[in-house]
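Colleague: I'd like to learn how to read a protein model. Could you walk me through one?

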Amino acid sequence: MLQSDKFKKIKPHLITRSLKPENQETPIHFLENRQTPSALTYRRNHFNYPPFTNQSYNLTITGSVKTPITFHYNQIISLPSRIVTSVLECSGNKRSYFEPKVYGEQWKDGAISQGTWTGVPLSYLFSKTGIKTGASEVVFQGEDFGVKKGKHVHFERSLPLEKALAGDVVVVWAHNQKPISPKHGFPFRLIVPGWYGMASVKWLKTIRVVDHPFSGPFQTDDYVYYPHKNNNEEAVPVTVSHVNSIIQQPLDRQILQPGQHEIKGLAWTGEGVVISVEVSVDDGGTWKPATLHGQPRQFQWIKWSYSIVFEKNREYSIKVRAYDSNGHLQPDTAFWNRKGYGYNAVSQIKIKVE
Ligand SMILES: Nc1nc2c(c(=O)[nH]1)N[C@H]1C(S)=C(S)[C@@H](COP(=O)(O)O)O[C@H]1N2
Ligand SMILES: [Mo]
């Protein structure tokens with residue numbers, strides 16, 4: 001191989017937070033495409049990867065339904081399908097920036113991806129099974145399992161029935177036009193666009209309609225905002241993603257040459273769309289609008305950029321904040337909560353000009 005061919009092979013790798021179970025994030029400056037390639041999509045797992053068996057090709061809908069049905073993979077992929085391109089952000093993304101610090105995976109900004117998912121709307125599957133009166137929630141069980149607080153459990157999450165029936169919740173079997181990779185949920189996963197990632201259950205095995213509040217550990221212990229350090233008062237479940245942004249260029253603490261530069265990054269929100277992004281190069285003293293690239297689309301991130309001439313021998317404190325169509329704005333300080341979910345304070349970096 002020629003020396004120059006070797007150099008062409010330089011490519012990004014995920015940033016490891018833990019290996020068993022696998023938790024790795026994406027270096028944010030490689031979130032370039034509308035579709036994050038599967039190999040560069042962050043991986044967030046509570047347990048080891050589940051064993052794959054012939055049973056894995058079946059998806060059962062049971063509980064408070066009129067006709068319980070087990071669908072086979074071949075049936076599911078032949079049903080009327082829907083395509084959704086959506087951001088998936090871990091609710092623990094940016095956790096490492098909380099002050100005071102909190103326990104849990106110390107994610108920086110890269111526990112986020114955007115992908116195109118193909119599958120069958122959950123509401124369509126329910127039109128086949130029917131739902132009994134009195135049903136209130138739907139529980140989604142993943143094939144993966146392990147020990148949590150001394151108990152042997154599967155990864156399980158519920159949605160309120162109303163949300164489960166909303167047309168945008170989809171049981172998907174393809175990611176970026178290919179079968180979902182084993183690490184991201186093959187053969188099926190749920191996708192709940194606009195909600196933090198924990199709702200999008202991978203290796204989906206059983207869908208159970210229930211008539212009482214579901215209280216599994218990933219529902220009522222984890223993925224709850226606890227505003228107080230020492231008690232569980234005022235707890236609120238984690239649901240919709242907050243309005244948020246990242247600065248992809250320049251990098252934090254980068255040393256630059258004087259002259260024209262482009263500051264750029266991404267912005268997104270769970271409900272509504274991003275309507276503007278503002279940049280400050282004087283530590284939040286004054287704010288100017290960034291240019292948005294393309295039309296804002298529901299559930300998708302939008303690229304933004306801002307041109308500036310940097311002067312020599314200076315340091316700049318750069319801040320960025322996004323607004324959405326529901327009137328939400330990134331706050332100066334994130335809402336602190338004990339388990340460190342939903343961090344969305346104004347994004348910031350510092351750079352130095354030689
Ligand atoms: N079965 C199962 N589904 C799961 C999880 C899990 O550990 N097991 N993690 C959830 C969390 S917290 C997130 S953020 C996303 C991550 O999806 P990804 O690993 O495909 O990026 O999957 C969700 N679905
Ligand atoms: Mo997550």
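Colleague: Let's start with ligand 1: which residues come nearest?

Modeller: A residue is near a molecule or strand if one of its heavy atoms lies within 4 Å of it. Here 19 residues are around ligand 1, and Tyr42, Asp144, His184, Arg189 and Lys202 come nearest. Before we go on: this is a predicted model, where local features need pLDDT of at least 70 and side-chain atom pairs count only at pLDDT 80 or more, while totals for chains, interfaces and linings use all residues. Residues are numbered from 1 along each chain as its sequence is written, chains are lettered from A and ligands numbered from 1 in the order in which they are written, and side-chain values use heavy atoms, with hydrogens and water left out.

Colleague: What is the make-up of the shell around ligand 1 by class?

Modeller: For the classes, Ala, Val, Leu, Ile, Met, Phe, Trp, Tyr, Cys and Pro count as nonpolar, Asp, Glu, Lys and Arg as charged, and the others, Gly among them, as polar. In the shell of ligand 1 there are seven nonpolar, seven polar and five charged residues.

Colleague: How much of ligand 1 does the protein bury?

Modeller: Taken alone, ligand 1 exposes 530 Å², and the protein buries 100% of that (accessible areas by the Shrake-Rupley method with a 1.4 Å probe; for residues, only the protein chains shown count as cover).

Colleague: And which elements give two or more residues to its shell?

Modeller: Those are strand E3 (43–44) and strand E8 (137–148). Helices (H or I, at least four residues) and strands (E, at least two) are DSSP runs, numbered from the N terminus.

Colleague: How do strands come together, and what does E4 pair with?

Modeller: Strands of a sheet pair through backbone hydrogen bonds, either parallel or antiparallel. We say two strands pair if DSSP finds at least two bridges between them. E4 (residues 58–63) pairs with E5 (residues 69–72) in the antiparallel sense, over four bridges, and a hairpin of five residues joins E4 to E5. E4 also runs parallel to strand E13 (residues 204–210), again with four bridges. Take Thr60: its bridge partner in E5 is Thr70, and in E13 it is Thr206. Leu59, meanwhile, stands opposite Phe71 in E5.

Colleague: In what order do the strands of the open sheet come?

Modeller: The order is E1-E2-E3, with antiparallel pairing. Strand E1 (15–18) and E3 are the edge strands, each pairing on one side only. Between E1 and strand E2 (residues 23–25) there are three bridges, and Ile15 stands opposite Glu25.

Colleague: Where are the cis peptide bonds?

Modeller: One runs from Glu99 to Pro100, with omega near -10°. Pro100 is in the loop between strand E6 (82–89) and strand E7 (112–121). Lys94 lies in the loop between E6 and E7 too, and its phi is near 70°, a positive value in a residue other than glycine. Another cis bond joins Gln249 and Pro250, with omega about -5°.
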